[in-house]
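I opened a new notebook page for this structure.

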Amino acid sequence: MYSFKDWDFQNNLIAGFTVFLIALPLSIGISVASGAPPTAGLLSAIIGGFVASLISGSYVTISGPAAGLIVVVLECINSLGQGDALRGFQLTLAATIIAGVLQILMGVLRLGTIGLAVPINALHGMMASIGVTIITKQLYVLGGIKPQSKNLMGQIIELPSRILDDNYVILGIGLLCLALVIVINQIQAIKKIIPPALFAVIAGYALSLVADIEHSHFVNIFNHDYHVGPEFLLSIPSNFSGYFNAPLFENLGSSHFIQAVITIALVASIESLLSTYAVDKLDPLKRTSDLNKDLISKGASNVLLGFIGGLPIISEIVRSTANVSSGATNRFSNLLHGFFILVFILLFPQFLSKIPLTAFAAVLIFVGYRLANPLQLLAIYRSGQKQIFVFLVTVLTTLSTDLLVGIFTGTALELLLNAWQVKKPMCLFKMRTNTKESGEHTIISVKTPCVFTNMLALKKVIDNCTSRMVSVEFTPGLFVDTTSKELLSNLEKKALDAKKVLVFKNIQFPLSNDSH
């Protein structure tokens, strides 16, 4: 725990305020897109800031609701509620509590590296499918209409035929907000002062006043009357006590409930651990997070959020990156961002209630595009047929079923392809190495294929080396999968930051500017 003098108040105050500006609109938008009350996302950002800053194992990550969990929470609410959104949300809160307990147990059992062992192409497929889902569902909100189909694939097919049904008043506001998000994101000078998401929300607020959406009436455009009214605005309780919802513990043994618990615990843990691991590389002080402790902090936060009515949280990569670039040096910025959100919703609830939902849809469509960026597909395609195959199967399976089935399918497919390539399946679960030390130089000889199912054992061997120089020599022709290459590349960069030398031999991939 830091003493007050260690908080570096000036730098972290600026970073915390910057993250608050980003987190406020995103937390609301994520909550609405998840089918939960808008207040759930705000509570998550507040608790994520306060709790994680006190017990987190990371240093400059920001904790809060994330776009990657939208599909998870939405599916849980729909499957558990069976048409009753409030009941579905309350049951999801109960599932979040139990998922949080599982996360705590995982941290206690030191399973904090589990997120690193997910096949990278299956993970990319999962995130891309989340992006497609967000874009599809928010395009309906952008146009002020509701889909007729109840399932995602039906909504994707239905979308082109519904364009003429759009409410052009609502659509016009949404398109202007989306254009602002895209343009501001390209102008660094403005982006540093006002985050694109906040810019869009402010613009949406102003346009809602111009269109007088607060009062129900018709607007004539192109000789057609379009109805506008308060149903197109964000609904926020005027009293803070209205932010809270209690969990509902019913049917705990049902298959839907068990699946909800497993999905929340698994996806939230994987996303959070990967984000924390990535943000460590941005830490100006080059510190290494305690992933197990960080997992415990997220679990504890999720237990608390389940009892008060919040969304599950993770370490969020975009807000964490903004936190670091704004000068954050420790966890105090995370606490301050939560504090600023709490103060804002207590003082200015009337502002939030006049923001049109289409403005949040614009922000989330942009977020979804970044998750399902076509350039990512091109990069995976260039990496090989196997990689694109796993990616596409994961995407299609997730879109046609759910996230849990999708990630398991992608992982199983990667495992089968690895087994086919190495011919000896049992070696995929063992890592055989030989270590020799000579003064300040350690040589690690790798005798077995290095794949996502055994690579953490090699990482442990490398991490335990205290020598200034470590050489990792792979048997010539040994198979190393894409996920392992990504991990090894990160280990090399981490070694450079620590002023150590980590060299890989007989492995073909661009770990650095040197050839290995």
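First, a term I need: a crossing is right-handed if the near helix is turned clockwise from the far one by less than a right angle, and left-handed if anticlockwise. I also note that the model is predicted.

**Entry 1: a helix pair.** I looked up helix α3, residues 70-81, and helix α4, residues 85-108. α3 passes α4 in a right-handed crossing. Two packed helices are described by the angle between their axes and the distance between the axes. For α3 and α4 I noted an angle of about 115° and axes 7 Å apart. Which residues meet? From α3 I listed Val73, Cys76, Ile77, Leu80 and Gly81. On the α4 side they meet Ala85, Arg87, Gly88, Phe89, Leu91 and Thr92. I sorted the residues of this contact into seven nonpolar, three polar and one charged.

**Entry 2: the cores.** How many residues does the largest nonpolar core have? I found 102. Those with the most contacts inside this core are Leu42, Met126, Ile130, Ile213 and Leu352. Helix α15, residues 357-371, gives the most to this core, with 10 residues. I then followed methionine 126. Beyond its neighbours within four places in sequence, methionine 126 is in contact with Val267, Glu271, Thr394, Leu403 and Ile407. I also found a second, separate core of 22 residues. Among its members are Cys450, Met455, Leu488 and Leu502.

**Entry 3: the two ends of α16.** Helix α16 covers residues 374-383. At its start, a side-chain oxygen of asparagine 373 reaches to within 2.9 Å of the backbone nitrogen of leucine 375. After α16 comes glycine 384, and its phi is positive, near 140°.

**Entry 4: tyrosine 277.** I found tyrosine 277 in helix α10, residues 255-280. Is it buried or exposed? Tyrosine 277 has a relative accessible area of 15%, so it is buried, the cut-off being under 20%. Leaving out neighbours within four places in sequence, I listed its contacts as Leu116, Lys459, Leu487, Asn490 and Leu491. I also checked threonine 288. Tyrosine 277 and threonine 288 are 11 residues apart in sequence and 8.2 Å apart in space, C-alpha to C-alpha.

**Entry 5: asparagine 292.** Asparagine 292 is in helix α11, residues 291-308. Its relative accessible area is 11%, so asparagine 292 is buried. What does its side chain reach? The side chain of asparagine 292 reaches the backbone nitrogen of leucine 111 at 3.2 Å. Not counting residues up to four places away in sequence, asparagine 292 touches Met106, Gly107, Arg110, Leu111 and Gly112.

Definitions and conventions. Residues are numbered from 1 along each chain as its sequence is written. This is a predicted model: local features need pLDDT of at least 70, side-chain atom pairs count only at pLDDT 80 or more; totals for chains, interfaces and linings use all residues. Side-chain values use heavy atoms; hydrogens and water are left out. Axes are lines fitted to C-alpha atoms, for helices over the stretch in contact, and angles run from 0 to 180 degrees between N-to-C directions. Helices (H or I, at least four residues) and strands (E, at least two) are DSSP runs, numbered from the N terminus. Contact means heavy atoms within 4.5 Å. Ala, Val, Leu, Ile, Met, Phe, Trp, Tyr, Cys and Pro count as nonpolar, Asp, Glu, Lys and Arg as charged, and the others, Gly among them, as polar. A nonpolar core is a set of buried Ala, Val, Leu, Ile, Met, Phe, Trp, Tyr and Cys residues joined through side-chain atoms within 4.5 Å. Buried means under 20% relative accessible area, exposed over 50%, partly exposed in between (1.4 Å probe, protein chains only). A polar contact is a pair of N or O atoms within 3.5 Å; within protein, one must be able to donate a hydrogen and the other to accept it, and residues adjacent in sequence count only if both atoms are side-chain atoms.
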